[in-house]
Amino acid sequence: GRERLLHRDREPGRGQGPGSARPQPPEPSLLRFLVCPLSKRPLRYEEATNELINEELGIAYPIIDGIPNMVPEAARMTQKPPGEDSKQP
């Protein structure tokens with residue numbers, strides 16, 4: 001019943017909680033299909049930071065427990081986007 005469902009998620013080595021040893025990367029087959037929700041361009045996986053990087057826009061989406069957080073508000077700026085200086089009035 002219900003208790004079996006609760007215990008199924010507690011597999012050893014899944015890296016849950018603050019004591020998890022290392023970040024869990026996304027499924028490699030999934031990376032081929034993921035694109036930036038803003039530019040619709042492919043993303044590059046950065047193993048060192050466990051993020052999906054959009055080089056064109058200069059943003060990085062975090063990966064939490066192997067799941068990419070593709071919400072634009074969750075992305076961090078990695079650099080100043082190219083050509084931003086020329087957009088000033």
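1. Strand pairing around β2. Arg44 stands opposite Ile53 in β2, and this belongs to an antiparallel pairing of strand β1 (residues 44-46) with β2 over three bridges. On the β3 side, β2 and β3 pair in the antiparallel sense over four bridges, with Glu51 opposite Pro62 in β3.

2. Basis of the model. This is a predicted model, in which local features need pLDDT of at least 70 and side-chain atom pairs count only at pLDDT 80 or more, whereas totals for chains, interfaces and linings use all residues. Residues are numbered from 1 along each chain as its sequence is written, and side-chain values use heavy atoms, with hydrogens and water left out.

3. Confidence. The mean pLDDT of the protein is 77, and 64% of its residues reach 70 or more, pLDDT being the predictor's confidence in each residue, from 0 to 100. Over residues 2-17 the pLDDT is below 50, and beyond near neighbours in sequence this stretch has five contacts in the model, a contact meaning heavy atoms within 4.5 Å.

4. Overall content. The protein has two helices and five strands, which run α-α-β-β-β-β-β from the N terminus on. Of its 89 residues, 20% are buried; buried means under 20% relative accessible area, exposed means over 50%, and partly exposed lies in between, with a 1.4 Å probe and protein chains only. The accessible surface comes to about 7100 Å², of which 53% belongs to carbon and sulfur atoms, as computed by the Shrake-Rupley method with a 1.4 Å probe. Among contacts between residues at least 6 apart in sequence, 28% join residues at least 24 apart.

5. The core. The largest nonpolar core has nine residues, namely Leu34, Cys36, Leu43, Leu52, Ile59, Tyr61, Ile63, Met70 and Ala75; such a core is a set of buried Ala, Val, Leu, Ile, Met, Phe, Trp, Tyr and Cys residues joined through side-chain atoms within 4.5 Å. Its largest share, three residues, comes from strand β3 (residues 59-64). Leaving aside neighbours within four places in sequence, Ile59 is in contact with several residues, including Cys36, Leu52 and Ala75.

6. Tyr61. This residue lies in strand β3, and it counts as buried because its relative accessibility is 0%. Not counting residues up to four places away in sequence, Tyr61 touches Cys36, Pro37, Leu38, Leu43, Glu51, Leu52, Asn69, Met70, Val71, Pro72 and Ala75. Tyr61 and Ala74 are 13 residues apart along the chain, and their C-alpha atoms are separated by 6.6 Å.

7. Glu51 and the faces of β2. Which way do Glu51, Ile53, Leu52 and Asn54 point from β2? Glu51 and Ile53 point one way and Leu52 and Asn54 the other, and all are buried. In a regular strand the side chains alternate between the two faces of the sheet. Glu51 lies in strand β2 (residues 51-54), and its relative accessible area is 8%, so it counts as buried. The side chains of Glu51 and Thr49 are joined by a polar contact of 2.9 Å; a polar contact is a pair of N or O atoms within 3.5 Å, where, within protein, one must be able to donate a hydrogen and the other to accept it, and residues adjacent in sequence count only if both atoms are side-chain atoms.

8. In the hairpin of β1 and β2, with four residues between the strands, Asn50 takes a positive phi near 55°. The hairpin of β2 and β3 also has four residues between its strands, and there Gly58 takes a positive phi near 70°. Glu56 is found in the loop between β2 and β3 and counts as partly exposed at 43% relative accessibility. A polar contact of 3.3 Å joins the side chains of Glu56 and Arg41, residues that are 15 apart in sequence and 8.6 Å apart in space, C-alpha to C-alpha.

9. Other positive phi values. Lys40, which is not a glycine, has a positive phi near 65°; Lys40 is found in the loop between α2 (28-31) and β1 and is exposed at 57% relative accessibility. Asp65 has a positive phi of about 50° although it is not a glycine; Asp65 sits in the loop between β3 and β4 (67-68) and is partly exposed at 49% relative accessibility.

Definitions and conventions:
Pairing = 2+ DSSP bridges.
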